[in-house]
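Student: I have a structure open and would like to go through some of it. Can we start with the strands?

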Amino acid sequence: MSAFRVRVVRPGELGEREVEAWRELRVKSGSPANPFMEPEFTLAVAEVRPRSRVAVWWEGDEPVGFFPFEKGPLGQGRAIGFGVSDSQGAVLRPGLRPGARAVLRACGIAMWEFDNLEDGQPVFVGAAAESFASPVIDVGEGYAAYEALLRVQSPKFLKTTLAKERRLARQADGEVRFVFDERDPAALRTLMEWKSAQYRRTGRGDRFAQEWISTLVRRLHERSTPGCSGILSVLYVGERPIAAHFGLRSATVLSCWFPSYDPEFAKYSPGLVLHLRMAEAAAEAGIGMLDLGRGDAEYKDALKTGELTVTEGAVFVPGARAALHWLGREPARRAHSFVRSRPALAARARAALNGVARLRGHR
């Protein structure tokens, strides 16, 4: 590493040359063009997370590597956008492989925690505590080819969903229409309200109750860049939205992020109809893959054509600060992992959370 120097900066201090080098390195990596790994996502997060930083590797006068992270007050580090980012890691020139602890020391952090580490991150080999499938929909051959695959792979699901879509069209009080890239902020507010209610209904923490997340989503919706654009897709009946999804897209990948729907229309499965129309529109727009994100869900199993792998875990520099963080985080992580690995126990846990949510709703 003697030929390299590392400079840690705030994301907003990156120059256009560095941003362009970041983009070029992502192209050369051969990994799917996930928008969460693009510089625009880090720049957006930095506006709402002031402790965001980027370590930049230089060889001579050429930037050859980038590592975005968030630095806590006690030297603890996390992936940029930790908790909402669906793809994380370093962006390095092929062949550049600094040791994980060398990366942390260069960044001035005692540990780095991740929950969606991108597959193929050699710097952090061995740091993963647990791996997860991230289901994907491949529409690279066009939507007709995808639908033909569903007729074989998930025939009951497809038949039922298309039948509900036709029934909705017959019974709806207004025209059923789909907008792939809706720019109206009012539709985004509606989606966020649905999603918040869904979080409460299922006993989960409301992400949109955190100001930095809701602000980040609103700002990303306003932006359009080749590598990372916010895209809001909406299924309408007349002028009334009944299902919506907000995600990020690059030229070739749509990262699915926040889907929800109006419970009054639940019998029509509008969320499933929405996903089929999103797949169709994505294929027409030249997008080859929809990444549904990690997490078990029946609709993902029905829609997927394959899977990527993401991991969670942490890297530590030995010392008191790292030990304290490990003691604070690892027991809870292991408890969650224990429950996830036992489907019956996980089902009971979800039922208990739903029960608590219902009780809270009646107070």
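Student: Which residue does Gln 76 stand opposite in β6?

Tutor: Gln 76 stands opposite Met 111 in β6. This is a predicted model, where local features need pLDDT of at least 70, side-chain atom pairs count only at pLDDT 80 or more, and totals for chains, interfaces and linings use all residues. Residues are numbered from 1 along each chain as its sequence is written, and side-chain values use heavy atoms, with hydrogens and water left out.

Student: How many bridges join β4 to β6, and do they run parallel or antiparallel?

Tutor: There are 3 bridges between β4 and strand β6 (residues 111-118), and the two run parallel. Two strands pair if DSSP finds at least two bridges between them. Strands (E, at least two residues) and helices (H or I, at least four) are DSSP runs, numbered from the N terminus.

Student: And what about β3 and β4?

Tutor: Strand β3 (residues 62-71) and strand β4 (residues 76-79) run antiparallel, joined by 3 bridges. Phe 69 stands opposite Ala 79 in β4. β3 and β4 form a hairpin with 4 residues between them. In the turn, Gly 75 has a positive phi of about 90°.

Student: Helices now. At what angle do α4 and α5 pack?

Tutor: Helix α4 (residues 143-153) and helix α5 (residues 155-171) pack at about 120°, and their axes are 5 Å apart. Axes are lines fitted to C-alpha atoms, for helices over the stretch in contact, and angles run from 0 to 180 degrees between N-to-C directions.

Student: Which residues make the contact?

Tutor: On the α4 side, Glu 147, Leu 150, Arg 151, Val 152 and Gln 153; on the α5 side, Pro 155, Leu 158 and Leu 162. Contact means heavy atoms within 4.5 Å.

Student: What about α6 and α7, how do they cross?

Tutor: The axes of helix α6 (residues 185-201) and helix α7 (residues 211-221) come within 11 Å and cross at roughly 150°. α6 and α7 are therefore roughly antiparallel to each other, a label for angles over 145 degrees.

Student: Which residues of α6 and α7 meet?

Tutor: Pro 185, Leu 188 and Met 192 in α6 meet Ser 214, Val 217, Arg 218 and His 221 in α7.

Student: Last topic: what is the mean pLDDT?

Tutor: The protein has a mean pLDDT of 90, and 87% of its residues reach 70 or more. pLDDT is the predictor's confidence in each residue, from 0 to 100. Over residues 338-342 the pLDDT is below 50, and that stretch has 8 contacts in the model beyond near neighbours in sequence. Where pLDDT is low, the predicted coordinates should not be read in detail.

Note on methods: Angles under 35 degrees count as roughly parallel, over 145 as roughly antiparallel, 65 to 115 as roughly perpendicular and the rest as oblique.
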